[in-house]
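Biologist: Could you walk me through this model, one question at a time?

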Amino acid sequence: MKVHRGTSADAPHKREPTYYEILGAAPASSFEQLHSKFKALAVLWHPDRATTDAEAVRCGNIYATITQAYSVLKDGSKRSEYDARLALLPGACMYCQGKGLQTKQQGFAKRTQQLCERCNGSGRADGGLCAAQIWGLVG
C-alpha cells in the first residue's frame, strides 16, 4: 500500500504537537494502547521502507520524533512530569487541566472518570491534532 507522505509545508497546524498527538493517542491511554500506536507508526515511518534518499531522511526525522514521544510516555515518572508541564501550556483544556479525563460525581459516594466532554479526551482546548494532520497525510 502506497501512503502519501506530504511535505511539512502541507501540514495545517501552527503549534508543536503534543507527544500524545504524535502517537495519535489520548492522554488517558494505557501503556498497551500507547505501545500499539507506537508500533503501527514505527512500521509506517521506518526509514528502511523509504524508496528514495530524500524520503529516507524525512522518514528518519519522523521516526526519531515518534521514538522520542514514546520514550517519554512509556516511562511512568517521565510521563507524569510531561503531563504536569502539558497542563500548564497555553491551550490546555481548562475543564480537565490537560489530562483528557474528568471525574464525575454519581450519587453520594460514587465517582467515575470519563473522557472530557469539552476536549473529547485530547487535553487541548482546540480539540488536538490527529497524527494524519501532523505528518501531512491529510489536508
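Modeller: Happy to! This is a predicted model, in which local features need pLDDT of at least 70, side-chain atom pairs count only at pLDDT 80 or more, and totals for chains, interfaces and linings use all residues. Residues are numbered from 1 along each chain as its sequence is written, and side-chain values use heavy atoms, with hydrogens and water left out.

Biologist: What is the mean pLDDT of the protein?

Modeller: pLDDT is the predictor's confidence in each residue, from 0 to 100. Here 51% of the residues reach 70 or more, and the mean is 74.

Biologist: How far apart are the end C-alpha atoms of helix H2?

Modeller: Helices are DSSP runs (H or I, at least four residues), numbered from the N terminus. The expected span is 1.5 Å times one less than the number of residues, so the 15 residues of H2 (residues 31–45) should span 21 Å. The model agrees, with the end C-alpha atoms 21 Å apart.

Biologist: Where do the buried residues of H2 fall, seen down its axis?

Modeller: Buried means under 20% relative accessible area, exposed over 50%, and partly exposed in between (1.4 Å probe, protein chains only). In H2 the buried residues are Leu34, Phe38, Leu41, Ala42 and Trp45. Their directions, taken from the helix axis to the C-beta atoms, fall within an arc of 105°, so these residues line one face of the helix.

Biologist: How many aromatic pairs does the structure hold?

Modeller: Rings of Phe, Tyr and Trp (its six-membered ring) pair if their centres lie within 6.5 Å; planes under 30 degrees apart count as stacked, over 60 as edge-to-face and the rest as tilted. By that rule, the structure holds three.

Biologist: Which parts does the pair of Tyr20 and Tyr82 tie together?

Modeller: This pair is tilted, at 6.2 Å centre to centre and 50° between the planes. Tyr20 lies in helix H1 (residues 19–23) and Tyr82 in helix H4 (residues 76–88), so the pair ties together parts 62 residues apart in sequence: H1 and H4.

Biologist: Is Tyr70 buried or exposed?

Modeller: Phe38 and Tyr70 form a stacked pair, 4.2 Å centre to centre with 10° between the planes. Phe38 is in H2 and Tyr70 in helix H3 (residues 53–73). At 8% relative accessibility, Tyr70 counts as buried.

Note on methods: Helix = DSSP H or I, 4+ residues; strand = E, 2+ residues; numbered from the N terminus.
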